[in-house]
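Dear colleague,

Please find below the structure that I am handing over to you.

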Amino acid sequence: MSEKQELIQKMLEMQRKFIAQERQSGIDPKDYFTPETDHLLAGYRQNYAEIAARVIDLAHEEKGSHR
């Protein structure tokens, strides 16, 4: 599996966990935007954004284009 595919799978797993949490007990916007360090969503937004940016970079490399 390519790096891009692995990262996409990781993003999908992160989304599944987020959706499960949201369905189970809801998501407080405070916990999404400014979670405590021990909260399930701590680092979620930054980590997801970093992975997504890497996927975009890899896609550009595959096509020989630039961002």
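In what follows, two rings of Phe, Tyr or Trp count as an aromatic pair if their centres lie within 6.5 Å, and a pair is called edge-to-face if the planes are over 60 degrees apart. Please bear in mind that this is a predicted model.

Aromatic pairs

On that definition, a search of the whole structure returns four aromatic pairs. One of them joins Phe18 to Tyr32 in an edge-to-face arrangement, with 5.8 Å from centre to centre and 70° between the planes. Phe18 belongs to helix 1 (residues 3-25) and Tyr32 to helix 2 (residues 29-33), so this pair ties together parts that are 14 residues apart in sequence. With a relative accessibility of 16%, Phe18 counts as buried, whereas Tyr32, at 27%, counts as partly exposed. Tyr32 also pairs edge-to-face with Phe33, here with 4.8 Å between the centres and 85° between the planes. Ring pairs link Phe18, Tyr32, Phe33, Tyr44 and Tyr48 into a cluster.

Leaving aside residues up to four places away in sequence, Met11 touches Tyr48, Ile51, Ala52 and Val55.

Helix 3

Helix 3 has 20 residues, which should span 28 Å at 1.5 Å a residue; the C-alpha atoms at its ends are 29 Å apart, in agreement with this. Which residues of helix 3 are buried? They are Tyr44, Tyr48, Ile51, Ala52, Val55 and Leu58. These residues cover an arc of only 120° around the axis and therefore lie on the same side of helix 3. Gln46 and Glu61, on the other side of helix 3, are exposed. The cover over the buried residues of helix 3 includes helix 1 and helix 2. After helix 3 comes Gly64, which has a positive phi, near 75°.

With kind regards

Key
Residues numbered from 1 in each chain as written. Predicted model: local features only at pLDDT ≥ 70, side-chain atom pairs only at ≥ 80, totals over all residues. Heavy atoms only, no water. Phe/Tyr/Trp six-rings, centres within 6.5 Å; stacked < 30°, edge-to-face > 60°. Helix = DSSP H or I, 4+ residues; strand = E, 2+ residues; numbered from the N terminus. Buried < 20%, exposed > 50% of the residue type's maximum accessible area, 1.4 Å probe, protein only. Contact = heavy atoms within 4.5 Å. Expected span 1.5 Å × (residues − 1). Arc of directions from axis to C-beta.
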